[in-house]
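I opened this entry to keep a record of what I looked up in one chain. The notes follow the order in which I checked things.

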Amino acid sequence: MAAIGRERAERIVRGTACQRCHEYTFKKLAVKPATESVRAELGALWVATRTCGVCGLHEELGLDEDGDVVYVS
C-alpha cells in the first residue's frame, strides 16, 4: 500500500475533532511533510497544525503513512 498524499492527509485532519471542544471547524489548517527526526522518533509522515474556529485551540497532529494519527500536541 502506498503512503497517503497531502490531500488525503488534509481530509483526515479536517475529519478529526478538536481535542478541547470536539468541533470540526478550523480557522487555520496547514499540512506539511514531517522532518526526518519526527519520522524516526514518532513514525509520522505528515505534520498538521491547525487552530480551532470555535475555541481557538492550537494543535499539532502527526499522521503515519496509513493515515493514522500518531500524536496530538
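**Burial and overall form**

I began with burial: of the 73 residues in the chain, 37% are buried. I note here that the model is a predicted one.

Next I looked up the secondary structure, which comes to 2 helices and 4 strands. Read from the N terminus, the order of elements is α-β-α-β-β-β.

I then checked the radius of gyration. The chain has 12 Å, and this agrees with a compact globule, because 73 residues would give a value near 11 Å. I also took the extent of the C-alpha trace, which spans about 35 × 20 × 15 Å along the principal axes of the chain.

For contacts, I took those with a separation of 6 or more and found that 42% of them join residues 24 or more positions apart.

**Surface and charge**

The chain exposes about 4500 Å², and I noted that carbon and sulfur atoms supply 48% of this area. I counted 10 positive and 11 negative charges in the chain, with their mean positions 9 Å apart.

**Cores**

Which residues make up the largest nonpolar core? I listed 9 residues in all: Ile4, Ala9, Ile12, Val13, Val31, Leu45, Trp46, Ala48 and Leu63. Two elements, α1 (6–14) and β2 (46–52), each supply at least two residues of this core. The largest share comes from α1, with 3 residues.

I followed one member, Ala48, through its contacts. Setting aside neighbours within four places in sequence, I found Ala48 in contact with Val13, Ala30, Val31, Glu59, Glu60 and Leu61. Val13 and Val31 are also members of the largest core.

I also found a second, separate core of 5 residues, which includes Ala34, Val38, Ala44 and Tyr71.

**Leu42**

My last stop was Leu42, which I located in helix α2 (residues 36–42). Is Leu42 buried, partly exposed or exposed? Leu42 counts as partly exposed, because its relative accessibility is 41%, and the range for that class lies between the 20% and 50% cut-offs.

I checked what Leu42 touches, not counting residues up to four places away in sequence, and found Val70 and Tyr71. Tyr71 is one of the residues of the second core. I also took a distance from Leu42 to Asp64: the two are 22 residues apart along the chain, and their C-alpha atoms are separated by 8.6 Å.

Notes:
Residues numbered from 1 in each chain as written. Predicted model: local features only at pLDDT ≥ 70, side-chain atom pairs only at ≥ 80, totals over all residues. Heavy atoms only, no water. Rg over C-alpha atoms; globule rule 2.2 N^0.38 Å. Buried < 20%, exposed > 50% of the residue type's maximum accessible area, 1.4 Å probe, protein only. Contact = heavy atoms within 4.5 Å. Areas by Shrake-Rupley, 256 points an atom, 1.4 Å probe, with all protein chains shown as cover. Lys, Arg positive; Asp, Glu negative; His and termini not counted. Charge placed at Lys NZ, Arg CZ, Asp CG, Glu CD. Core = buried A, V, L, I, M, F, W, Y, C linked by side-chain atoms within 4.5 Å.
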